[in-house]
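Thank you for coming, everyone; I would like to walk you slowly through one structure today. Please have the sequence and the model open beside you while I talk.

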Amino acid sequence: MIGAAAAVGAVVVAITPVGQTIEDTAFGLHVNGIAQSAPAQGVLSSVRLWDAGVRWDEVEPARDQYRWGALDAAVANAEAAGATDILYVLGSTPQWAARKPQEPGLYGPGTTSLPRKTSDFVEFTRKVAKRYKGRITGYQIWNEANTRSFYEGDWVALAKLTRRAYDTIKLIDDSALVVGASSTVIPGRLFQTESFFVRYARAIHDVGDPVDAMAVHLYPVDTSKGPEARVGSIRAAQRVMNRVGIDRPLWDTEVNYGDRRPGLPQVVPDPQTAATYLARTYIDSVRLGIQRTYWYGWDSHVLGIDLTDASGVTPAGRAFLTVRDWLTGARVAGCDRTDGMEVCRFADAKGRAFSIMWSSSAANTVPGEGLRVCRIDGSCEKAPNQVTVDSEPVLVKETGSGG
């Protein structure tokens with residue numbers, strides 16, 4: 001592969017980084033048991049509190065009757081595990097507050113409904129923001145608002161609710177980020193004109209863009225597909241934001257591949273594929289402009305790729321920790337695709353060049369003389385004369401450049 005070899009040589013000799021510094025908060029997780037116990041110190045840098053026993057309907061099951069214990073514990077445990085970014089999802093609606101108290105939902109009647117009184121939602125938001133000021137660093141308005149399992153579907157009303165929540169939160173904690181309601185992505189033609197995401201985005205724009213970030217969930221529609229399918233969804237969501245004119249970062253607040261849920265097709269990638277998919281997901285996010293990505297999840301065991309199991313951290317979990325370590329503090333210099341091989345160039349926090357490579361087709365070989373090669377299991381070694389590059393991303397850098 002002469003073309004690929006030339007590209008690798010250019011990467012490790014000299015680069016000019018153009019992207020912003022990659023923060024560790026770009027590497028988010030869900031931890032379903034976060035209210036019960038903390039992962040080991042250093043596991044978390046960014047966490048999204050969802051499916052952890054801390055929804056609005058669980059915290060305030062009756063008007064003005066608050067059960068703060070689970071949320072207090074979740075925040076404290078996240079901090080103990082190293083999280084500096086804690087994103088809290090403000091939904092779902094308690095039945096007592098719902099304008100449609102019998103509306104069916106995944107979490108019970110009324111949970112998908114808009115509040116009957118906006119003031120109830122605003123008051124809950126105010127209490128949470130005041131209680132956790134400086135600790136919860138971000139608030140997401142709703143989860144998967146495009147699906148009837150989570151939301152009744154009124155995007156204009158949701159945009160107005162977003163405006164009220166934004167104003168309330170910023171008055172109490174101006175440093176906290178407000179993230180738009182998430183939406184799953186089906187990247188077909190109609191997504192650009194008729195999807196919930198585009199309609200909510202337009203409504204958000206109409207009320208003054210009261211968000212610090214917009215959010216999508218980039219699970220592939222076909223659960224047998226992997227990161228390549230996700231790339232198409234990223235670009236579809238970005239096109240919507242460009243057309244609407246929302247100049248905000250885009251976050252992926254849930255992602256995984258495959259499925260283990262009863263009654264659905266069982267798609268469980270093998271350990272090597274799972275680790276490869278995990279690594280590609282976060283690398284793709286960084287290179288394609290997704291500011292934060294939250295994997296679902298560290299301990300969930302319901303979708304195709306687990307990061308932990310009864311034996312401890314899985315290969316996919318190790319890949320998460322490794323890629324976060326590779327990229328935190330680095331800056332992107334650009335990516336090239338040659339004969340099916342992707343080469344992404346970076347400079348680390350000290351300005352030293354490295355590249356991450358993988359092949360989306362047949363395996364390639366590149367010259368390894370004078371290089372060090374690192375793999376997603378965390379291992380590094382002096383590169384052989386020829387480095388084989390397949391679907392699993394590898395990092396290469398000059399010998400003696402650290403790590």
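Let me begin with Ala52, which sits in the loop between β2 (46-49) and α2 (56-59), where helices (H or I, at least four residues) and strands (E, at least two) are DSSP runs numbered from the N terminus. What we are looking at is a predicted model, in which local features need pLDDT of at least 70 and side-chain atom pairs count only at pLDDT 80 or more, while totals for chains, interfaces and linings use all residues. Residues are numbered from 1 along each chain as its sequence is written, and side-chain values use heavy atoms, with hydrogens and water left out.

Is Ala52 buried or exposed? Ala52 counts as buried, because its relative accessibility is 7%, and buried means under 20% relative accessible area, exposed over 50%, and partly exposed in between, with a 1.4 Å probe and protein chains only. Leaving aside residues up to four places away in sequence, Ala52 touches Val31, Asn32, Ile34 and Ala35, contact meaning heavy atoms within 4.5 Å.

Ala310, by contrast, is exposed, with a relative accessible area of 88%, and its place is in the loop between β9 (308-309) and β10 (312-313).

Let us now turn to a pair of helices. Helix α5 (residues 155-172) and helix α6 (residues 196-206) pack at an angle of about 45°, with their axes 8 Å apart; the axes are lines fitted to C-alpha atoms, for helices over the stretch in contact, and angles run from 0 to 180 degrees between N-to-C directions. That makes α5 oblique to α6, since angles under 35 degrees count as roughly parallel, over 145 as roughly antiparallel, 65 to 115 as roughly perpendicular and the rest as oblique. In this packing, Trp155, Val156, Leu158, Ala159 and Thr162 of α5 meet Phe196, Arg199, Tyr200, Ala203 and Ile204 of α6.

Phe196 also brings us to the aromatic rings. The structure holds 20 aromatic pairs, where rings of Phe, Tyr and Trp (its six-membered ring) pair if their centres lie within 6.5 Å, and planes under 30 degrees apart count as stacked, over 60 as edge-to-face and the rest as tilted. One of these pairs is that of Tyr151 and Phe196, which is edge-to-face, at 6.3 Å centre to centre and 80° between the planes. Tyr151 lies in the loop between β4 (138-140) and α5, and Phe196 in helix α6, so the pair ties together parts that are 45 residues apart in sequence. Tyr151 counts as buried at 0% relative accessibility, and Phe196 counts as buried at 12%.
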